[in-house]
Amino acid sequence: MIKFIPLGGASDIGASCFYLNINNTGILLDCGIDPRKKGKESLPYFSLIKNEPLDFVFISHAHQDHIGALPFLVQEFPHVIIYSTYQTKEIAEIVLHNAVNILAQENIDQNELRNYTHEEIDLLVKSIRDIDYKKEILLEGFAHNSNEKIKITFLDAGHILGSASIKIEFENEIIIYSGDINLSNQSLMVGAELNDYGKATTLILETTYGATDSSQLGNWLSESNRFAKLANKILHNDGSILVPVFALGKTQEILSTIFSLIEKKKITDTNIYTGGVSKEISNVYDRNRYIVNYDKKDLVLRNIPQTNFNEIEDLTYFNKNNGIILASSGMILKNTPSFRFTKYWLNQKKFAIFIVGYIDETAPGYVISKAQKNDSILFDDEPKKVQCTIERFYFSAHSKREELIEIVNKLNPEKIILVHGNDEAKNWIGEKILSINSKRKVYSAENFKEIVLM
Ligand SMILES: [Zn+2]
Ligand SMILES: [Zn+2]
């Protein structure tokens, strides 16, 4: 018997958490929070598996929407055994400690959600068992009722440092959970190699860019050139450029992109500002660059000259000391540096905001990503006239929709469960899969709705 229940992250990007029961061995694939929500609302719905066995958690990568709920899970299920790649474990230590500080600031009603301590995070991270890519392990849960064990393999998914797809083999079933996956090369990460994946009977597939026409997305090189051209225009006119980015992944990729453009003299020499936890994460990238499939092994992110923006209180500083500011969050969520900067930037005629990654429709950054100079918008509940330049770039850490179809064709599964995307995205992918082969069974996953696979 194999059944699948999404506890979160089935129809959007946030709180990814998928439960698998394989002959009474209980497995969670990821354990994320929804960064747009607060308190209990932001967590996967753990109560749904109260009466189910739970033995293992496999974390695909260290983005908050895949790992952020782990400290809450172990409060309720202290016995679970957690697996991730070594790099994900290293990054987890940074991002989970950082989340303790953020939660403490947010003053959430303690009755609703008990915050956890730095000591608890230390213990949690220590308990994570790390596993190398392509190394098989055999597992069985406490109540496993088969003589055959479950075989698990982590495969490099090319999304961020340490990211993995997870292959789960039991009897004749081969389930592959894509996690967040990218087939194309970024500046640092090399795209996933599907030849390593083999075949699948069931594919649990992310669909982030399923609703996005790929002709919009361009590629890393053409977007870099466009970025350089526009950046020069702003910088030569004494403007500063805000680039909202995730601290993990996008910061390192864009930092390396900007630095190589400056080295090649495609962007004029300028100040680069970074801050928050991104520096610590960059150090993990530096340390692992010879270990994982990584481009630019000679580039040490730590050695790129950067000024810490946390030390700058008065934002008029950027009118005199212009440069490029890489600040989280990527979706310009409230109470983040990029949110604070955006409020100032919108009033500056010479400045620009460059959007470089995915922004969800419900995030505050969405209105910015759609706006142009002189538009009237509502930002932070205040009417604003956009004075600065706004430009949209596509530096994607996710597969384009044709690449998602390529994954399906290559792994050739009988059943496909679509997750991590909105309905429009899942519909496009689902219809495309069926138009190629109508014999395939496609499920558009819904939170809390069980799918029986075997
Ligand atoms: Zn991710
Ligand atoms: Zn994700």
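**View 1. The hairpin of strand 2 and strand 3 has 2 residues between the strands.** In this hairpin, Asn-23 takes a positive phi near 45°. Strands here are DSSP runs of E with at least two residues, helices are runs of H or I with at least four, and both are numbered from the N terminus. The model is predicted: local features need pLDDT of at least 70, side-chain atom pairs count only at pLDDT 80 or more, and totals for chains, interfaces and linings use all residues. Residues are numbered from 1 along each chain as its sequence is written, while chains are lettered from A and ligands numbered from 1 in the order in which they are written. Strand 2 (residues 17–22) pairs with strand 3 in the antiparallel sense over 5 bridges; two strands pair if DSSP finds at least two bridges between them. Phe-18 has Leu-29 in strand 3 as its bridge partner.

**View 2. Strand 3 (residues 25–29) is mostly covered.** How many of its 5 residues are buried? The count is 5 of 5. A residue is buried if 20 or more other C-beta atoms lie within 10 Å of its own, exposed if 12 or fewer, and partly exposed in between, with C-beta atoms placed from the backbone. In a regular strand the side chains alternate between the two faces of the sheet. Thr-25, Ile-27 and Leu-29 point one way from strand 3, Gly-26 and Leu-28 point the other way, and all are buried. Strand 3 also runs parallel to strand 4 (residues 56–58), joined by 3 bridges. There, Leu-29 has Phe-58 in strand 4 as its bridge partner.

**View 3. Strand 15 (residues 323–327) pairs with strand 12 and with strand 13.** Leu-242 stands opposite Ile-325 in strand 15. Strand 13 (residues 271–274) is also parallel to strand 15, over 3 bridges. Here Ile-272 has Ile-324 as its bridge partner.

**View 4. Helix 12 (residues 401–411) has a buried side and a face turned away from it.** Which residues of helix 12 are buried? They are Arg-401, Leu-404, Ile-407, Val-408 and Leu-411. These residues lie on the same side of helix 12 because they cover an arc of only 105° around the axis; the arc is that of the directions from the helix axis to the C-beta atoms. An α-helix has 3.6 residues a turn, so residues three or four places apart point the same way. The face turned away carries the exposed residues Glu-402 and Asn-409. The buried residues pack against strand 10 (173–177), strand 11 (202–206), helix 5 (214–217), strand 20 (415–419) and helix 13 (423–436). Just after helix 12, Asn-412 takes a positive phi of about 50°.

**View 5. The protein chain as a whole holds 13 helices and 22 strands.** Its radius of gyration, taken over C-alpha atoms, is 22 Å, close to the 22 Å that the globule rule gives for 454 residues, so the chain is as compact as a globular protein of that length. The globule rule is 2.2 Å times the number of residues to the power 0.38. Of the 454 residues, 48% count as buried. The C-alpha atoms fill a box of roughly 70 × 50 × 45 Å, taken along the principal axes.

Conventions
Two residues are in contact if their C-beta atoms, placed from the backbone, lie within 7 Å.
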